[in-house]
Amino acid sequence: MRLPFFSKRKQEQKKEEFSPSDLAQRQVEQKTKLRSSAKDNAEALQELMGKDNADFTTRELTIPTTPSVEAQLCFCETMIDATALNKQILEPLLLSVREIALRELPGKSVAEKIGRNLLLAGKLQNFQFKDEVLSAALGGQVVLFLEGSEIAMGVELRKIPERAIVEPQSETVLRGPREGFTECLSDNKSLLRVRIKSGKLRFDSFRIGRISENEGAVIYLEGIANPKLIREIKRRIKSLDVDMVADSSVLEKLIEDHPLLVFPTTLFTERPDLVEFALTEGRVGVMLENSPACLIAPANFFDFFKTAEDNYIRWPYTSFIRSIRLLAGLVSIWAPATYIAITTFHREMLPTALALSIAGARENVPFPAFIEAFSMELILELVLEAGVRLPSPIGQSIGIVGAVVLGQAAVSAQIVSPFLVIVVAITSLSSFVVPLFVAERGVRLLRFPLMILGATMGLYGIMAGMAAIAAVQTAMTSFGQPYFAPLAPFWPRTLTDIIFNPPIWMANKRPKWLRPGNRRRQDFVVRDWAQDGENPDGEVDLSGE
Amino acid sequence: MKALEKIDQGQLLLLLLFTISSTIQLPLPRFLALAAGRAGWISALVGSVFGLAILAVPTLLALRLPPGPLPVALESLLGKFWGRAVCLFFGLGIFSFVPLMLRVFGAAFIVGMMPRTPASALILIFMLNVFLLSYLGLEPIARSAQAFAIPIVLAFLVVVFGSIPPLDLLRLKPWFADGLLQILRGATFVAPYFGEGAIVLYLIPALQNKEGIWKTISWSGVLVCLAFASLTFASIGTLTATWTASVPYPGLRLARNVSIGRFFHRFEPLFLSMWYLSVYLKTSLLLFLAAQLLAHVFNQKNYRLLLGILLVVAFPLAFLPKDLLEVFALQFGFARLMSFVIGFVLPGVLLFFTFRGGKTQ
C-alpha cells in the first residue's frame, strides 16, 4: 500500500531526469568484445583502470610450451594473494610446462588447453567482454590474456584484510551461538552454508552501484520462501541506479516500502543463527559485501521486539520477557508525555497522597512540567550521543557523569523534580529493553512530538498523536505484507507469536502472514518418543545396565 | 475511482460496532432514563432487537445488489441517472453526520475533560486525525479498528464493571414499574441508530469472504445491544434514574465513580480518551464513504481531494448548534431520523427494486 504525500508529478519528473538511456548507452560502450591481441587487451584494461593506477599490475610472460604462447597477466595486487599467484599460476605456466607440446593437450582452443590442463585453479572463469574483465580484476581475480585468443581467463585468488568471526556487540546472548557475520560476503555465505546444509539454500548474486559495483546475494530457501517475494526483492534491487551502496543499511533504505517514515520495515541482524531461523520461516535475506548485517524481509512491527535468545531459552520466560519488552516500547514513547499530561491537566487522576507528594517535590522547581521534561530528555539524548561517539572507557565515564549531573545535581539544585528523574530514567531504560528499537533511534524521536501534544492538550493530545501513529502503522507494509499484522489485520493463530514463543516442537507451521511456499514446518508429532507406547512416561530404568 | 479495498468479517464487525454505538454511547442512558425511567436498560434491549431488524435491511440489499462497489452496483440496478442520484443522496446523508459528530465530540470533551480549551481547537486536531485516516483508505481504517479494539473494550468494561460496587438493584426495581409503553418509547430512541449500519452497503462488497455474513451482522448487533444495555443498567443502578436523566453524559459520571484498589480512580479522562478513538474511527469511516460516493457522482477519480473539501465544509457546520441542548436535539432528532432514512427506508425501497427484476449477485 502506498502511503500518501508522495508527489506523483515529482516522481515522474525524476524518472525523466534519470532516464535509463544514458546508463544503457554506457553499458553498450562497455560491452566491447576483447581482441585477439593479448597486449592490446592488457593495455585496454590498463586504460580502464587508469594508467597511473598504482595497485594495478600487468605482467607480460611467455609460456614455454611448444610452441610458446605470449600472454599478459593482469591483477590488482592489493586484492590478491601473491603466494597463491606464484604457486597456482606463475609456477605452472613458467616452470612446469617446459617442453610440453600444446598440440597434445586436450581442448579445442589454446585458451581451453591452458585453462583445463595447466592452471591450478579451483574456479576458472572465461570472459569475452572488457567490462567483465574489469569487474573480475577489481573483484580479486587474476586475468590471463593469451595471444591470439579473444577469451580472457580469470582465476579467483582474492585475499583481502578480514576480521575474525566474533559475537556481534549489539546482539549478545547468554545462551546460544556466539558467531557473527563479518564484512566478507563469502565468509558470511559459508557461515550460513554450515548451518543449512541443503541444496535448497540459494545465494542469488547481484552487483550494485555504478561506481562501487558491490557484490551482494539474495538468500532464501527454495520451496519455502514465497517466489513472488523473491522476485519482488530482486526486482527492487535490479531497478536501483546509484553510485554506491556502502552498507546494507543503505540498501535497506533504497528497497524498503516506506523510507521516509521512522519505522523500519526490514529486519537486520549480524547473527547467522537468526538468519537461519528467518530463512526457515520463509523470509528472504539480503547480504552485501563489506557489510556485516543481513537484511531480512518481510518484517512486522512486533519482530522488532524479538531477540536471538528468545529461541534458546525456555518459553515461559521468553513469553514473560516479550510482554515486558512490548510494555517497555509503549513506556519509552508514552512515559514523559503522560507525566506532563497528568501533572498539568489531569491531576485528579492521581491518588491524593501521590498528588501531594508530586506537588511537594515540584514546589521549588521553577519550570513548568513540559520544559522540565523536554529539556531532561534532550540532555539524555546528548549524553547518549556523547557516549556513542567517544571511545568506550570515556563513554562509560560520560554515562556516569550524565547520571550524576542529571540526577543528583539537578534535583539538588531544584531545577527538576525527583519524580521527573525517575520518569526519564524509566523511559531510557525502557527504550534500551527493546532490542532492535535501540538500533532504530528514529522511533525514540516520537516521544518529543507526543510530549508537545501532552503539554498542550493533555491525554487528549497524546491520544490524537497515538491515533495518528497507529493510522500510519496500519497503512504500512513490508514488501507487501501488512506491517501491523498479526494484530491488525487480526490473525489469531499467528497472534500468539507476538508474546508467546511456542516450544519448537509445537511450532508445526510457519507464520501465515509470511505466506510461505510451504506452511508445514515439521511433522505434527515431533517428540515421537513421548508418544511411543513402549515408554510413554519417558522414565528410563538404568539400574540394570 | 479508487480500487475497492478488502476487509475481513472481523473488521466489518468492529466497524459496525463502533459506528452504531460510539457517538450516542455517552448520552444514551440520559435519554433512556428520561423516556423509560428505571426500565431504560430494558428499552435498550428491546430497541436493539428492533435495531437488528433494521440492520437486516441494508445487509439483505448489499447481498442482492449487483457485484462491484456501491456506486457501480447502484448504476447497474437503477441506471446511470437514478443510480447517481441515489448515490448522491447516500453520500450527502452520510456526510451530514460528520459535522454533527465533530460537534458532539467537541462538546463531550469540553464537558468531560477540557473545559477551558476552545472547541474549535479540539475539533481541528480531531479533524487532522480523521483526515489522515480517511486519506489512507478503508484498509487502514479497518485495521485501526482492530488495533484499538482491545483498549476501547477494556476501558468500557472497566467503567461498567467498576460501577458494580456502588450499584444497587433496588434502584432498578420494580423492573416494569413504568409500563410497557414507556419501554417501547425508550426503544424507539435506540432502534433508529442501527440505521447507521447502512455502511454495510459499501463494506459488504469489500469483504474478502461473504460466507457467514449474517452471523457477523448478528454478533455486531448483539454487542451493540450489550453495550447500550449494560451502560444504561450500570448508570441507573448506580446513579438512580432521576440522576441519570439529569446529567448530560452518564457514562462519564460512571467513570468518575470507578475506583480500583483505592489507588486508580477518576477514570473519565481515560474513558474519554478511548471514546475519542471509537468516534475517530466512525468519523473517518463516514467521511471516507461520503467522499467515495460523492467522488463517483462528480466523476472524480481521486476521492482524496474531496476529503479536504468535505472537512472544510464540515468545520463551520459543526458550530451551528448554539449549545449542548441543541447538540442533543440534533443528535436525538435529526441524526436519528437520517439514520432511519438511509439505513432502513431507502434500502427498503432499493430492496424492492432488486426483487422486482434488477440484476442480483
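**Notes on the predicted model: contacts, salt bridges and surface patches**

1. Starting in chain B: the side chains of B:Arg84 and B:Asn299 are in polar contact, at 3.0 Å. This is a predicted model, so read every value here as computed from it. B:Arg84 belongs to helix H5 of chain B, which covers residues 80-112. Its relative accessibility is 17%, and since anything under 20% is called buried, B:Arg84 goes in that class.

2. B:Phe340, B:Phe344, B:Val345, B:Val349, B:Phe352 and B:Phe353 make it up, and it comes to about 480 Å². One of its members, B:Val349, sits in helix H16, residues 334-356 of chain B. With 40% relative accessibility, B:Val349 is classed as partly exposed.

3. Chain A has a charged patch to look at. Which residues gather in the patch of positive charge on the surface? They are A:Arg493, A:Lys509, A:Lys512, A:Arg515 and A:Arg519. To place one of them, A:Arg515 is in the loop that runs between helix H18 (492-499) and helix H19 (528-531) of chain A. A:Arg515 has a relative accessible area of 43%, so it counts as partly exposed.

4. Now the salt bridges. Over all chains, the structure holds 29 of them. One is between A:Glu232 and A:Arg236, where the closest N and O atoms are 2.7 Å apart. Both residues are in helix H8 of chain A (residues 227-238), and because they are four residues apart there, about one helical turn separates them. A:Arg236 has a relative accessible area of 16%, which means that this arginine is buried.

5. Two further pairs in chain A are worth checking.

6. A:Glu167, A:Arg178, A:Arg271 and A:Asp273 are joined into one network by salt bridges that share partners.

Key: Residues numbered from 1 in each chain as written. Chains lettered and ligands numbered in written order. Predicted model: local features only at pLDDT ≥ 70, side-chain atom pairs only at ≥ 80, totals over all residues. Heavy atoms only, no water. Patch = residues over 30% accessible without salt bridge, like charges linked within 9 Å, V, L, I, M, F, W, Y side chains within 5 Å. Areas by Shrake-Rupley, 256 points an atom, 1.4 Å probe, with all protein chains shown as cover. Salt bridge = Lys/Arg side-chain N within 4 Å of Asp/Glu carboxyl O. Lys, Arg positive; Asp, Glu negative; His and termini not counted. Charge placed at Lys NZ, Arg CZ, Asp CG, Glu CD. Helix = DSSP H or I, 4+ residues; strand = E, 2+ residues; numbered from the N terminus. Buried < 20%, exposed > 50% of the residue type's maximum accessible area, 1.4 Å probe, protein only. Polar contact = N/O pair within 3.5 Å; in protein donor to acceptor, adjacent residues only side chain to side chain.
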